[in-house]
Amino acid sequence: MFDKICLILLIIGGLVWGGVGLFQFDIVAWLFGGQDALLSRIVYTLVALAGVWCISLLFRDSTEAGDSDMHTPMVGGAD
């Protein structure tokens, strides 16, 4: 469950950075009163910590992470 929360935070962070890159618009700063506002800094910090946590997903066995269906062979093969 914690892994999914971290992945959701990273998706939100990716969308925020997409908005900054494409439209020069930071929705977190807009919602919470600027980049220096306490709530904005909390959101940025939570996203960063989620990113650090998700690094561990790269090094885990897929069955340990709860993705046991990743090693299920495809039926019919890939054409």
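## Basis of the model

The structure is a predicted model, in which local features need pLDDT of at least 70 and side-chain atom pairs count only at pLDDT 80 or more, while totals for chains, interfaces and linings use all residues. Residues are numbered from 1 along each chain as its sequence is written, and side-chain values use heavy atoms, with hydrogens and water left out.

## Overall architecture

The secondary structure of the protein comes to 3 helices and 0 strands, where helices (H or I, at least four residues) and strands (E, at least two) are DSSP runs numbered from the N terminus. Read from the N terminus on, the elements run α-α-α. Of the 79 residues of the protein, 18% count as buried; the term buried stands for under 20% relative accessible area, exposed for over 50%, and partly exposed for what lies in between, with a 1.4 Å probe and protein chains only.

The protein exposes about 6,500 Å², of which carbon and sulfur atoms supply 70%; accessible areas come from the Shrake-Rupley method with a 1.4 Å probe, and for residues only the protein chains shown count as cover. Among contacts between residues at least 6 apart in sequence, 41% join residues at least 24 apart, a contact being heavy atoms within 4.5 Å.

## Helix 1 and its end

Helix 1 has 22 residues and reaches 31 Å from its first C-alpha to its last, which is close to the 32 Å expected at 1.5 Å a residue; the expected span is 1.5 Å times one less than the number of residues. The buried residues of this helix are Asp-3, Cys-6, Gly-13, Val-16 and Gly-19, and they pack against helix 2 and helix 3.

Val-20 also lies in helix 1, but this residue is partly exposed, with a relative accessible area of 27%. Leaving aside its neighbours within four places in sequence, Val-20 is in contact with Phe-25 and Asp-26. Helix 1 is followed by Gln-24, which is found in the loop between helix 1 and helix 2 (27-32). Phi of Gln-24 is near 55°, a positive value in a residue other than glycine, and Gln-24 counts as exposed at 76% relative accessibility.

## Asp-3 and its polar contacts

Asp-3 is found in helix 1 (residues 2-23) and counts as buried at 17% relative accessibility. Its side chain is joined to that of Trp-53 by a polar contact of 2.7 Å, and to that of Arg-60 by a polar contact of 2.6 Å. A polar contact is a pair of N or O atoms within 3.5 Å; within protein, one must be able to donate a hydrogen and the other to accept it, and residues adjacent in sequence count only if both atoms are side-chain atoms. Not counting residues up to four places away in sequence, Asp-3 touches Trp-53, Leu-57 and Arg-60.

A disulfide is a covalent bond between the sulfur atoms of two cysteines. With the criterion of a pair of cysteine sulfur atoms within 2.5 Å, a search of the whole structure finds 0 disulfides. The sulfur of Cys-6 has its closest cysteine sulfur in Cys-54, at 5.0 Å, which is too far for a bond. Cys-6 counts as buried at 4% relative accessibility, and Cys-54 is buried as well, with a relative accessible area of 10%.

## Aromatic pairs

A search of the whole structure finds 2 aromatic pairs; rings of Phe, Tyr and Trp (its six-membered ring) pair if their centres lie within 6.5 Å, and planes under 30 degrees apart count as stacked, over 60 as edge-to-face and the rest as tilted. Phe-2 and Trp-53 form an edge-to-face pair, at 5.0 Å centre to centre and with 80° between the planes. This pair links distant parts of the chain, since Phe-2 is in helix 1 and Trp-53 is in helix 3 (residues 38-55), 51 residues apart. Phe-2 counts as partly exposed at 49% relative accessibility, and Trp-53 counts as partly exposed at 37%.

The rings of Phe-25 and Trp-30 have their centres 5.9 Å apart and their planes at 55°, so this pair is tilted. Phe-25 counts as partly exposed at 38% relative accessibility, whereas Trp-30 counts as exposed at 58%.
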